[in-house]
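Let's take a friendly walk through this model, one topic at a time. Have the sequence and the coordinates open as you read.

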Amino acid sequence: MYLNIMVDRNIIEKLDNGIDVILVIEIQGALKIKEITGAKLIYDRTDNWSDLSEQFNTNEIALINNADVAFCTSNYLYNNVPEGCDLETWKKKCTLIYTSCNKKYEVPTVKKYTTPTAVYAGVGIKKVNWMMFAVLAEQNPDWNFKFYVRDDHQEINILKGISNVEILPLIPEESLHNELSKCHIGLVYYKPSGYTDGMLPLKVYDYFNARIPVVFYGCPELREFSDCCFEEDGSINLNDILEKRVATSVYDKYLNSDINEKLQQIEQLGLK
């Protein structure tokens, strides 16, 4: 049995490979389950949480100290050891592994929108660079832009009134996959910060599942995916990105990486 700790989730699920993975938030509860069941404790370090409370940082150190293995989901997170963590413990327990979605969809068969369409889908609000989205939309009047977001934050108002922008409510994963697959480019525009420096957004894998390239800003980890992720430098041309026609096999190699790599690492570390 494996106890998989992820900070921002609180669900229990059975993976297709038959291994039970329990995702919990509260450290004491996780340690109690480990004590009772003898489960192997896995910590997924998915974000740079240094701006959060001191209590959270204390809990993260406790997680690392008690974990059998810790997976860092970006180079930034792997290379930046949490303050207060013993360096030898870090080197012994931590490894880099990119996190993708558990579910891989088949190559989309839905028909693309007739007008070239770029899309952003996500729950994050404050980290998003809405101003740059507005500029991008206004500079590309021959494109449509769809935003699947929570429409309850003042910053989003900058997009309202732009003729080629559509603000839509969040929808379930399967429906979202179909909608993303109709689009041509996925967007990730963030405000640069220590938090976004360490991020590898899960939405990127939603775009990969839709087999669409990604244009990004303020998320340097995406430079690792340069064959299908393209960085905004102030002069990016969406039509040029579209003409690159990224092969399906490029997306597939990233979609296959997550859980299989985790299991291989667990086996190599002698945790099975």
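Does Arg245 count as buried or exposed? At 72% relative accessibility, Arg245 counts as exposed. Here buried means under 20% relative accessible area and exposed means over 50%, with partly exposed in between (1.4 Å probe, protein chains only).

## Ground rules

This is a predicted model, in which local features need pLDDT of at least 70, side-chain atom pairs count only at pLDDT 80 or more, and totals for chains, interfaces and linings use all residues. Residues are numbered from 1 along each chain as its sequence is written, and side-chain values use heavy atoms, with hydrogens and water left out.

## Two arginines with positive phi

Arg245 is not a glycine, yet its phi is positive, at about 50°. Its place is the loop between helix H9 (238–243) and helix H10 (248–255). Helices (H or I, at least four residues) and strands (E, at least two) are DSSP runs, numbered from the N terminus.

Arg211 is also not a glycine and has a positive phi of about 60°. This residue sits in the loop between helix H8 (203–209) and S11. With 11% relative accessibility, Arg211 counts as buried.

## Strands with both faces covered

Side chains in a regular strand alternate between the two faces of the sheet. In strand S10 (residues 185–189), Ile185, Leu187 and Tyr189 point one way, while Gly186 and Val188 point the other way, and all are buried. Five of the five residues of S10 are buried, so the strand is largely enclosed by the rest of the structure. Strands pair if DSSP finds at least two bridges between them. Strand S7 (residues 117–121) pairs with S10 in the parallel sense over two bridges, and Ala118 has Ile185 as its bridge partner in S10. S10 also pairs with strand S11 (residues 214–217), in the parallel sense and over four bridges; here Tyr189 stands opposite Tyr217.

Strand S5 (residues 69–72) is covered on both faces: Val69 and Phe71 on one side, and Ala70 and Cys72 on the other, are all buried. Strand S4 (residues 40–45) runs parallel to S5 and is joined to it by four bridges, with Asp44 opposite Phe71. S5 pairs with strand S6 (residues 94–96) as well, in the parallel sense over three bridges, and there Ala70 stands opposite Cys94.

## Aromatic rings

Rings of Phe, Tyr and Trp (its six-membered ring) pair if their centres lie within 6.5 Å; planes under 30 degrees apart count as stacked, over 60 as edge-to-face and the rest as tilted. By this rule the count comes to twelve aromatic pairs. One of them joins Phe208 and Tyr251, whose ring centres are 5.9 Å apart with planes at 45°, so the pair is tilted. Phe208 belongs to helix H8 and Tyr251 to helix H10, so this pair ties together parts that are 43 residues apart in sequence. Phe208 is buried at 0% relative accessibility, and Tyr251 is buried at 1%.

What do ring pairs link Tyr120, Trp130, Phe133, Phe147, Tyr189 and Tyr217 into? These residues form a cluster.

## Salt bridges

The structure holds six salt bridges, each defined as a side-chain nitrogen of Lys or Arg within 4 Å of a carboxyl oxygen of Asp or Glu. Among them is the one between Asp252 and Arg211, with the closest N and O atoms 2.9 Å apart. Asp252 lies in helix H10 and Arg211 in the loop between H8 and S11, so the pair ties together parts that are 41 residues apart in sequence. Both Asp252 and Arg211 are buried.

Another salt bridge joins Asp227 and Lys253, with the closest N and O atoms 2.8 Å apart. This pair links distant parts of the chain, 26 residues apart: Asp227 is in the loop between S11 and strand S12 (229–231), and Lys253 is in helix H10. Asp227 is partly exposed at 28% relative accessibility, and Lys253 is partly exposed at 46%.

Lys182 and Glu179 also form a salt bridge, at 3.1 Å between the closest N and O atoms. Both lie in helix H6 (residues 173–182), three residues apart, about one turn of the helix. Lys182 counts as partly exposed at 23%, whereas Glu179 is buried at 17%.
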